Amino acid sequence: MVDPNGWDRDVSAPTGPQHSPPDSFVSQANVSDADVYATFEDTWPECWERAAELLEWDRSYDTVLETADAPFYRWFDGGRLNASYNCLDRHVESGRKNHAAIRWEGKHGETRTYTYRDLYVEVNECAAALRSLGVEEDDVVTIYLPMIPELPIAMLACARIGAPHSVVFAGLSADALSTRMDAASSEYLLTCDGYYRRGDAFNQKSKADNAVIDLDQDVETVVVDRLGEDLPHVLGENERDYHELLEEFYGETVEPVSRDADDMLFVMYTSGTTGEPKGVVHATGGYLTNVAWTSHAVLDIKPEDTYWCAADIGWITGHSYIVYGPLALGTTTVLYEGSPDYPDRDRLWEIVDRNAVDVFYTAPTAIRAFMKWGEEYPNRHDLSSLRLLGSVGEPISPRPWEWYHEHVGNGDCPIVDTWWQTETGGIAVSTLPGVDEMKPGAAGPSLPGIDARVVGAGGEPVEPGQAGYLTLAQPWPGMVKTLYEGDDRFVEEYWRRFSDPEADEWVYFSGDAARVDEDGYITVLGRVDDVINLAGHRLSTMEIEGAIADTDGVAEAAVVGRTADSSDTEIYAYVSTERRVDDEAAVRSRIESSIESAIGPLALPEAIVFTPELPKTRSGKILRRLLEDVANGEELGDTSALRNPEIVGEIQSASRE
Ligand code: 6R9
């Protein structure tokens with residue numbers, strides 16, 4: 001683990017002027033009473049009942065928080081509910097059946113709108129279809145689909161019948177898919193023939209086929225025909241066409257299965273500190289409560305809004321804030337299939353304009369790209385429908401923050417810089433847009449009911465301005481329930497570092513470094529473990545190193561992130577080969593194809609630097625920290641702990657080539 005005090009380089013301290021939310025925003029905000037912080041603190045954990053009231057429960061819970069098996073907390077113990085019922089049926093029943101639920105923006109010009117009734121009908125048919133294939137309650141269904149309506153439909157169909165879903169990002173490789181299906185013993189797969197990216201047709205089915213071949217279990221596959229004539233495909237044994245299958249269940253309805261609050265809603269694989277992805281398990285009651293509440297209190301979503309989170313459903317942001325949060329509140333959620341710069345760099349603003357989007361939520365990597373492209377693109381469109389902007393996934397430094405505020409928000413939309421993780425399920429640190437001042441560069445205080453603390457190596461609180469480790473000192477409803485691989489790894493990964501099990505005191509460690517100011521505003525600095533945050537994708541350095549080490553001729557590899565000038569993080573790979581390499585280009589391309597097939601193209605390094613040796617401590621540990629400083633062009637600290645200090649100069653000059 002890294003000392004967080006070396007991390008100040010990545011995010012400049014908040015320097016910009018503070019901004020207050022405009023009165024026009026405050027007066028209409030879902031939450032605008034500053035007392036909410038004190039009330040939640042005084043009444044914790046019962047305060048979370050206020051959030052649970054946003055849902056409809058089949059049976060109300062007996063206890064808000066059951067701590068007997070900490071850190072295996074049970075939220076809303078004894079309660080029962082169904083997530084698909086909460087996202088669909090209750091809106092249909094309350095006279096809002098013709099309200100738009102999903103507005104899909106496909107490849108240029110292609111759009112589809114699903115009312116709540118439409119969505120209800122197709123989710124029911126899909127649920128009936130899944131049952132007919134043999135899916136039972138608690139069977140894990142893997143969904144490997146791009147941003148098409150069938151993706152949230154399949155998720156809600158799973159939720160309806162109590163089958164946890166495991167959505168695998170469509171851009172991941174066949175190997176990555178089969179690893180995840182294997183880990184979850186998943187025997188059902190929903191995928192498609194292919195999808196469009198920047199106007200080109202990509203084959204998805206061939207990746208899915210290769211994944212299934214690798215598995216020991218038999219798999220039933222359902223294939224959505226997305227590309228039609230653009231990419232003809234044939235169906236094999238155990239494969240069904242999605243639309244043909246659904247036709248067999250035309251108009252059929254399926255009673256939503258009442259799930260225990262603690263029953264698993266889904267598993268989401270994410271990168272951890274080892275090469276093995278972690279299966280983060282979320283429970284139905286706590287997760288749905290948490291995402292509905294934060295959608296209401298932080299994203300300020302109203303049922304009559306058109307809301308757009310421009311993320312991919314294949315990651316947690318899309319699960320929580322494209323699908324479950326907004327649909328639980330009965331709003332219209334926009335689903336966008338394409339890229340931000342195709343056919344032109346004003347594509348997103350054109351969609352905001354045409355749909356009169358009220359709330360827009362995206363990632364700093366996108367905001368930095370918009371800034372680079374220039375204000376002429378947002379200026380081409382009427383963005384006056386926007387009321388609130390959000391940012392998630394990485395630290396956002398003051399300059400892009402101000403640009404976003406001025407050129408997208410016209411200077412009068414509050415911005416919420418929301419810190420959270422796959423494991424937190426929902427937003428944990430952010431300003432409340434109807435209550436708090438904004439400080440560009442700082443995410444904000446802990447949300448009401450959350451206790452985020454920045455601590456030193458011994459768990460003691462750090463002084464304001466000092467860097468430390470970001471922890472959550474109290475449980476919260478959206479918290480990871482356990483890891484699919486097992487309870488031991490769950491305790492090890494998140495709780496061991498700062499807890500005192502003897503005293504039954506449990507503190508969650510996020511893996512991030514942060515700083516806190518006098519007002520309790522937290523600036524997140526970045527990961528202190530072996531996870532790289534790359535344009536909103538969480539990647540494990542160990543996983544990439546593993547893929548490189550699998551390449552013929554490679555002896556060892558170390559992968560680090562480079563984040564110069566608060567710009568996008570890039571992957572730098574330092575590689576030593578088994579023997580002298582005459583044809584570096586050939587090894588380089590073998591390394592690249594190994595990474596592509598193990599993880600996917602998103603994990604390809606920006607630079608692969610060959611070196612005769614990697615810098616190592618006397619005990620033989622690779623000093624990644626030092627390589628990180630080399631990649632970032634930092635001053636190198638003390639290299640005396642190295643067994644081979646002479647290698648450093650060589651690596652530095654090779655890095656500059
Ligand atoms: C939601 C999501 C989690 C990691 C997290 C942190 C980084 C997320 C951030 C942020 C600074 C923010 N992160 N939001 N860093 N400011 N507002 O991104 O989940 O993919 O699990 O990544 O992302 O490093 O630990 P996930």
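The centres of domain 1 and domain 3, taken over C-alpha atoms, are separated by 27 Å. The structure is a predicted model, in which local features need pLDDT of at least 70, side-chain atom pairs count only at pLDDT 80 or more, and totals for chains, interfaces and linings use all residues. Residues are numbered from 1 along each chain as its sequence is written, and side-chain values use heavy atoms, with hydrogens and water left out.

The domain assignment of the protein places residues 4-10 + 461-525 in domain 1, 89-100 + 117-257 in domain 2, and 530-656 in domain 3. Such bounds come from an automatic or database domain assignment.

**Ligand surroundings**

There are 17 residues around the ligand, and D417, T422, D512, N533 and R538 come nearest among them; a residue is near a molecule or strand if one of its heavy atoms lies within 4 Å of it.

| Residue | Ligand atom | Distance |
|---|---|---|
| D417 | nitrogen | 2.8 Å |
| R527 | oxygen | 2.9 Å |
| R538 | oxygen | 2.7 Å |

**Helix packing**

Helix α10 (residues 284-297) packs against helix α11 (residues 316-328) at an angle of about 85 degrees, and their axes are 8 Å apart. Axes are lines fitted to C-alpha atoms, for helices over the stretch in contact, and angles run from 0 to 180 degrees between N-to-C directions. The two helices, α10 and α11, are therefore roughly perpendicular to each other, a class that covers angles of 65 to 115 degrees. Helices (H or I, at least four residues) and strands (E, at least two) are DSSP runs, numbered from the N terminus.

From α10, residues Y287, L288, V291, A292, T294 and S295 meet H319, S320, Y321, Y324, G325, P326 and A328 of α11, where contact means heavy atoms within 4.5 Å. By class, this contact of α10 with α11 has 8 nonpolar, 5 polar and no charged residues. Ala, Val, Leu, Ile, Met, Phe, Trp, Tyr, Cys and Pro count as nonpolar, Asp, Glu, Lys and Arg as charged, and the others, Gly among them, as polar.

**Backbone geometry**

The peptide bond from W44 to P45 is cis, with omega near 0 degrees, and P45 belongs to the loop between α2 (36-43) and α3 (49-52). A cis peptide bond also runs from Y342 to P343, with omega near 5 degrees; P343 lies in the loop between β17 (332-336) and α12 (347-355). In strand β2 (residues 74-77) is F76, a residue other than glycine whose phi has a positive value, near 55 degrees.

How values were computed:
Angles under 35 degrees count as roughly parallel, over 145 as roughly antiparallel, 65 to 115 as roughly perpendicular and the rest as oblique. A polar contact is a pair of N or O atoms within 3.5 Å; within protein, one must be able to donate a hydrogen and the other to accept it, and residues adjacent in sequence count only if both atoms are side-chain atoms.
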